[in-house]
Amino acid sequence: AAPARSAIHMSAILILVNHLKNISDTLPTISYRTWLTEYVVSHLVIAALQMVAFAAVFFCNERLGELKKEESLGNVTGGLKIKLYSFGSQLDKVSRVHFFLVVLILNLVFLITADL
């Protein structure tokens with residue numbers, strides 16, 4: 001599941017970068033930023049943050065699996081470490097809803113301010 005999820009994030013980032021380049025090539029050269037550029041850049045930032053959050057969750061889950069395996073073998077007791085790396089699972093659950101809401105709110109804000 002991890003490679004597929006990371007591929008989705010990377011695909012979104014690459015698509016947004018390509019879209020941003022197409023926008024900048026299409027528009028005339030100007031010294032200020034346009035609404036469309038800010039919109040695409042903001043979505044690029046959100047996609048990058050999603051990728052960072054996924055990487056953190058993946059790292060925590062991998063490390064948690066290793067600690068639980070070591071603990072089951074009796075090699076180490078990582079009570080605090082297990083609690084710390086268990087945070088990755090909670091972050092994953094929260095980030096799925098959080099990033100969706102952030103994108104929704106961002107789109108609503110841009111939609112409302114587009115006519116101003």
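**Note on the predicted model**

1. Lys21 and Asp25 form a salt bridge, with the closest N and O atoms 2.7 Å apart. The term means a side-chain nitrogen of Lys or Arg within 4 Å of a carboxyl oxygen of Asp or Glu. A search of the whole structure finds one such bridge. This is a predicted model: local features need pLDDT of at least 70, side-chain atom pairs count only at pLDDT 80 or more, and totals for chains, interfaces and linings use all residues. Residues are numbered from 1 along each chain as its sequence is written, and side-chain values use heavy atoms, leaving out hydrogens and water.

2. Both partners, Lys21 and Asp25, sit in helix α1, four residues apart, about one turn of the helix. Helices are DSSP runs (H or I, at least four residues), numbered from the N terminus. Lys21 counts as partly exposed because its relative accessibility is 48%. Asp25, at 52%, counts as exposed. The cut-offs: buried is under 20% relative accessible area, exposed over 50%, partly exposed in between (1.4 Å probe, protein chains only).

3. The largest nonpolar core has six residues: Ile13, Leu16, Ile23, Val40, Leu44 and Ala47. Helices α1 (2-26) and α2 (35-73) each supply at least two residues of this core. A core here is a set of buried Ala, Val, Leu, Ile, Met, Phe, Trp, Tyr and Cys residues joined through side-chain atoms within 4.5 Å.

4. What is Leu16 in contact with, leaving aside its neighbours within four places in sequence? Val40, His43, Leu44 and Ala47 (contact: heavy atoms within 4.5 Å).

5. Leu104 lies in helix α3 (residues 79-113). Leu104 counts as partly exposed, because its relative accessibility is 41%.
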